[in-house]
Number of protein chains: 2
Amino acid sequence: MSEEFPIRDRMTGFVFGLQDDICEAIEEIDGGSFGEDEWERDGGGGGRSRVLQDGTVFEKAGVGVSVVMGELSERAAREMGGGAHIEDLNFWATGVSLVFHPHNPMAPTVHANYRYFERGRGTEPGSWWFGGGSDLTPAYLFEEDAEHFHRVHKEALDAHGPDHYPRFKEWCDDYFYIEHREEGRGVGGIFFDNLHEEGSVDELFDLVSDCGHAFLPAYLPILERRMDMPYEEKHKRWQQLRRGRYVEFNLVYDRGTKFGLRTKGRIESILMSLPLTARWEYMPEEGSREREMLEVLENPREWV
Amino acid sequence: MSEEFPIRDRMTGFVFGLQDDICEAIEEIDGGSFGEDEWERDGGGGGRSRVLQDGTVFEKAGVGVSVVMGELSERAAREMGGGAHIEDLNFWATGVSLVFHPHNPMAPTVHANYRYFERGRGTEPGSWWFGGGSDLTPAYLFEEDAEHFHRVHKEALDAHGPDHYPRFKEWCDDYFYIEHREEGRGVGGIFFDNLHEEGSVDELFDLVSDCGHAFLPAYLPILERRMDMPYEEKHKRWQQLRRGRYVEFNLVYDRGTKFGLRTKGRIESILMSLPLTARWEYMPEEGSREREMLEVLENPREWV
């Protein structure tokens, strides 16, 4: 424990603990085991990546945590978002990030990420901030799933103020938008970045930690009611096409992915989010259930 | 025919003719037929896209031609490369572009693209230029294939001067480089852009046209000796992983793709180059034949 930087320790404990809790729950459902890699970062720090690939329930499930520090390039500092006014290029960051792609096309893909960032010594106003969120990406629409996912996250946020959920819900719809397709990546959830004005560092840690702990109650009930649903070849094909869109979003738009690739981060960890398999057809046909999904992706709804 | 712009007509005739020739040859080999879409562009012009999907030999084969014109945004004009010094934002362009992904993992993916571009009326020095090239992307290394592909393109270029092939070969290795993987997309071929100082517009048209006509003799003999080779599940898996890298290159680095997505071009035509299926494993295992391929991708060779 460092008495000098208590928030660093609290956040580090949170991300490692969340990785453990989530992996344990996922292993119990899948029956398979996560493989684990510990890695070190050249510039300082490292992480622990866990991946369950080609399991019983999951095509690919990855959960990574990292604690990294060092010196940013001028460009990286500028693009990083929060703290751009800080001259000191030293940084310290920790976060947890996960993406789960189930086999069953009725069971949605899900993503979550919570992170804390400091520039310099993290003492000046705006030199520390939190970011994160969680969003759901179904191939087929089940309204009750979207409602449940949003409701659980709304309840976690409402404990910290009434404005957070509406703001972070909209932020999520804006962020996870595939511009060239004119559609959202999924049915959204919550997203926020550069959070520091909304409370003290401890208050915001509590908010982020509550969101992180909302992940399992938000996702598991959905997974459990979809993972054994019967499906046909055509549903699998559509899921594969939607996985292609997931790849498009992550490689073309996702700021974390682009930043990681450009700054030569650990490739295997950065691209852990990509599905095991994906498909691109030229002008794919759509039936009515596929069209129903697209309607929602083209016109985000209020779910709670 | 337009007497005012004879090169536009020659180039347009070339790209449409090459599309016909190549599609005919590919249909004969595959047994399947290309579907065709004619499309119009909002800002002016249009194109003809042909795709053969899930055929006998090809997983996906797309050949598109377009003739487009209109006014560029300042940003597009700046990023377009050649002709950046021209104030007139009007442009005129035509090109042919193809990507073939065969089923058999021993048969390589291939790409070719030849294009002509004008800014303003195309009369000032540097206000017109040619671009293009062709490159081969095998999942498994057959040295004689890489040698043949390079040799045929070298012969086409040598007829126009001894310096072209070495220059365009290196340019190709530099361009089709997946920086975050520190490997080439494939075994290269030729690539050039902003070609206008190397000869008159007619001389450079002849060079480009000879390269375009070299495509079938460069690729077909390779395809024919690989398309029926026996293979196992593990070879297919490796091919799918390499297809994933192809997607990474096209979405993260390819200038044409990025430009097309940003300027809201016709998505189906822009992403026609993506494979039908692709795969991303976390830390995939490699055997010796896979390692042999990677060696060459990491260290480009001289093939002729």
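Guide: Happy to; we'll go through the sheet of chain A and then turn to a pair of helices in chain B. Keep in mind that this is a predicted model.

Strands of a sheet pair through backbone hydrogen bonds, either parallel or antiparallel. In chain A, seven strands make an open sheet, in the order β1-β2-β3-β4-β5-β6-β9, and their pairing is antiparallel. At the edges stand β1 (35-40) and β9 (188-195) of chain A; each has a single partner strand, so one side of each has no neighbour in the sheet. From one strand to the next, the twist averages 5 degrees.

Six bridges join β1(A) to β2(A), residues 45-53, and the two run antiparallel. Along this pair, A:Glu38 is opposite A:Arg48 of β2(A).

Now for what lies against the sheet. Helix α3 of chain A, residues 143-158, packs on it and touches β5 (109-119), β6 (128-137) and β9 of chain A. The direction of this helix makes about 30 degrees with that of β9(A).

In chain B, helix α3 (residues 143-158) has a helix beside it: its axis and that of α6(B), residues 215-226, come within 8 Å and cross at roughly 160 degrees. That angle is why α3(B) counts as roughly antiparallel to α6(B). The crossing of α3(B) and α6(B) is right-handed. Among the residues that meet there are B:His148, B:Phe149 and B:Val152 in α3(B), and B:Pro221 and B:Ile222 in α6(B). By class, the contact of α3(B) with α6(B) has six nonpolar, two polar and four charged residues.

Methods: Residues numbered from 1 in each chain as written. Chains lettered and ligands numbered in written order. Predicted model: local features only at pLDDT ≥ 70, side-chain atom pairs only at ≥ 80, totals over all residues. Heavy atoms only, no water. Axes fitted to C-alpha atoms, helices over the stretch in contact; angles between N-to-C directions. Helix = DSSP H or I, 4+ residues; strand = E, 2+ residues; numbered from the N terminus. Parallel < 35°, antiparallel > 145°, perpendicular 65-115°, else oblique. Left-handed = near helix turned anticlockwise from the far one by under 90°. Contact = heavy atoms within 4.5 Å. Nonpolar A, V, L, I, M, F, W, Y, C, P; charged D, E, K, R; others polar. Pairing = 2+ DSSP bridges.
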